[in-house]
Amino acid sequence: MADNEQSTSQAEQVTLRQLKLVIAYDGSRYQGWQSQSSGRGIQDALEKVPKRITGERVITHASGRTDTGVHALGQDVTFQTREKHS
């Protein structure tokens with residue numbers, strides 16, 4: 001029973017954090033904001049960064065979208081990530 005109690009306790013310590021980024025980018029080499037099957041969307045490139053840092057896949061949400069080749073300055077992006085508390 002003690003193992004089960006420890007598992008429940010560990011699960012309770014994981015919370016979701018909402019993070020906000022304000023980004024700027026040169027979209028010349030990208031196919032717009034939205035994730036693309038080719039992997040050439042800004043969203044695709046941005047979502048790789050938290051995965052490299054935390055090992056978890058995140059899904060970003062932007063304040064707007066851009067078309068192929070369009071740049072952005074001050075675009076708001078949010079995503080949720082898990083954080084373990086000790």
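Which backbone oxygen does the side chain of Q75 reach? The side chain of Q75 reaches the backbone oxygen of G64, at 2.5 Å. This is a polar contact, that is, a pair of N or O atoms within 3.5 Å; within protein, one must be able to donate a hydrogen and the other to accept it, and residues adjacent in sequence count only if both atoms are side-chain atoms.

The model is predicted: local features need pLDDT of at least 70, side-chain atom pairs count only at pLDDT 80 or more, and totals for chains, interfaces and linings use all residues. Residues are numbered from 1 along each chain as its sequence is written, and side-chain values use heavy atoms, with hydrogens and water left out.

**Overall layout**

The chain has two helices and three strands. Their order from the N terminus is α-β-α-β-β. Helices (H or I, at least four residues) and strands (E, at least two) are DSSP runs, numbered from the N terminus. Of the 86 residues in the chain, 24% are buried. Buried means under 20% relative accessible area, exposed over 50%, and partly exposed in between (1.4 Å probe, protein chains only). The chain exposes about 6400 Å². Carbon and sulfur atoms supply 48% of that area. Areas come from the Shrake-Rupley method with a 1.4 Å probe.

Contact means heavy atoms within 4.5 Å. Among contacts in the chain with a separation of 6 or more, 61% join residues 24 or more positions apart.

**Helix 2**

Helix 2 covers residues 42-54. Its buried residues are I42, Q43, D44, L46, E47 and P50. Just after helix 2 comes G55, with a positive phi of about 85°.

Q75 lies in strand 3, residues 72-84. Leaving aside neighbours within four places in sequence, Q75 is in contact with L21, V22, I23, Y25, W33, A62, S63, G64 and R65.

D76 pairs with K20. Their side chains meet in a salt bridge, at 3.9 Å from N to O. K20 lies in strand 1 (residues 14-25) and D76 in strand 3, so the pair ties together parts that are 56 residues apart in sequence. A salt bridge is a side-chain nitrogen of Lys or Arg within 4 Å of a carboxyl oxygen of Asp or Glu. By this rule the count is one.

The table gives the exposure of these residues.

| Residue | Relative accessible area | Class |
|---|---|---|
| Q75 | 7% | buried |
| D76 | 30% | partly exposed |
| K20 | 56% | exposed |
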